[in-house]
Amino acid sequence: MFINFWYVAAESGEVIFGAEKPLKVQMLGQRFALWRDSKGVVRCVSDTCTHRSGSLADGRIRRDCIECPYHGWTFNADGACVRIPSLGPDAKIPDRTRVDAYPVVEKYGLVHVFLGDLPEAERPEILPIPEFDDASWRFIVLKMDWQIDYKRSVENTMDPAHNEFTHPTHGFLGVREDYKVDEVTLIDKPWGTGFLNRMYAPPLPNRDMHEASGRSGDDYATGGAGNHGPNTTWTYIHISDKAWMHGYAFHTPITEKLDRIYVLFGRNYLTDPKYDNTIQQRGNFIAEQDRYVLEPVHPKLTPSHNAHEFLVPADKAIGRYREYCRDWEERGWRIDVAKVRADEDRVAYAIPSPGRRQAKSWVMPAIPVVAAPERAAARRRSAGQE
Ligand code: FES
Ligand SMILES: [Fe+2]
């Protein structure tokens, strides 16, 4: 799991305007409190109170601040402690009592939280969805929790060979002797790789979808996928020249082995909302086929070294995704989960927020990260990246 990326904390509708109770959420194995302030803006702070570790999310929202249920210490949306009731009304409150507060953006009906300390100019953008506001497209949301390492699902999305077997509805289950995955040509971008490929596929089984797609028999379709950061992906399925489906998946690792997935699934055909149910059922049906192969994968986590799996040319995008992840690890962004787990009952860590770039002394220790090997740092230095 990586710090310094955007993660979806909730759907917008879950963070209710005027609610007295904050929403408690878990991401990257850590707990957070979310609320919507009097201007309608969603706020997010680390859940652990700096006094004696109460859960802020179990407290209440008063005058745009969050109040701990244990002794009433009160924190504003920037994380500063503004009230310590036991000290009386005129007390000077030490700066060090602050908690981490995180940047929040609402987009596509989802609440995105930046879990890291990068300054704004250096943060990756939230996965772009250019057609989201285009009236000729219609989007629905699918949401699911899978017992997997989210990276396994990201890799599955970028795997052109699994359709043939995992999805009998868009592959041939290996019965065609001439089946082969076309060579994958990767296009690398700053935050991820991707490809577009030709795929031979049967027509869609659903009658409405079949008719709207404008194709009658087995034919080539264009399919493509890519990642943006470690935890978001795009997928294009162009069934014919006129019928396109685009899926955008936002993965939030609740823990290292529990993946909450929000998929924004768009189409430029059958855009009447009356088809939403059909598309939803279809999407869930296909997703279940993926879950069926992904949850039993062993080991749960993607291996730390490719020598422990045998990759073939159809896995090219997966190999490249792992290179991106290695780069993020070498920047010091991969959480040292083993250490967090070993310390679980004794230490509450916090994901460092941008505020840690200014103030140096904090009550909550920053979450441990996997140390960047010296040679990686040297490689980046020689490439002029630092
Ligand atoms: S633990 Fe939060 S106020 Fe005491
Ligand atoms: Fe799949």
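Guide: The bounds of a domain come from an automatic or database domain assignment. In this chain that gives domain 1 (5-115) and domain 2 (138-325), and their C-alpha centres lie 36 Å apart. The model is predicted: local features need pLDDT of at least 70 and side-chain atom pairs count only at pLDDT 80 or more, while totals for chains, interfaces and linings use all residues. Residues are numbered from 1 along each chain as its sequence is written, with chains lettered from A and ligands numbered from 1 in the order in which they are written.

Visitor: How many residues of each domain make the contact?

Guide: Two residues are in contact if their C-beta atoms, placed from the backbone, lie within 7 Å. By that test the contact takes ten residues from domain 1 and twelve residues from domain 2. On the domain 1 side, strands E1 and E2 (23-27) each supply at least two residues. E1 gives the largest share, three residues.

Visitor: What kinds of residue make up the side of domain 1 that touches domain 2?

Guide: Seven are nonpolar, three polar and no charged. Nonpolar means Ala, Val, Leu, Ile, Met, Phe, Trp, Tyr, Cys or Pro; charged means Asp, Glu, Lys or Arg; the others, Gly among them, are polar.

Visitor: What makes a group of residues a nonpolar core?

Guide: Its members are buried Ala, Val, Leu, Ile, Met, Phe, Trp, Tyr and Cys residues, joined through C-beta atoms within 7 Å. Buried means that 20 or more other C-beta atoms lie within 10 Å of the residue's own. The largest core here has 66 residues, and Cys 44 and Leu 34 are among those that touch the most other members. Strand E1 (residues 5-11) provides its largest share, six residues. At least three residues come from each of domain 1 and domain 2.

Visitor: Which residues does Cys 44 contact, leaving aside neighbours within four places in sequence?

Guide: Ala 9, Phe 32, Leu 34, Ala 101, Tyr 102, Val 104 and Val 113.

Visitor: Why are E2 and E4 called edge strands?

Guide: The order in this open sheet of three strands is E2-E3-E4. E2 and E4 (42-46) each have a single partner strand, so one side of each has no neighbour in the sheet.

Note on methods
A residue is buried if 20 or more other C-beta atoms lie within 10 Å of its own, exposed if 12 or fewer, and partly exposed in between; C-beta atoms are placed from the backbone. Helices (H or I, at least four residues) and strands (E, at least two) are DSSP runs, numbered from the N terminus. Two strands pair if DSSP finds at least two bridges between them.
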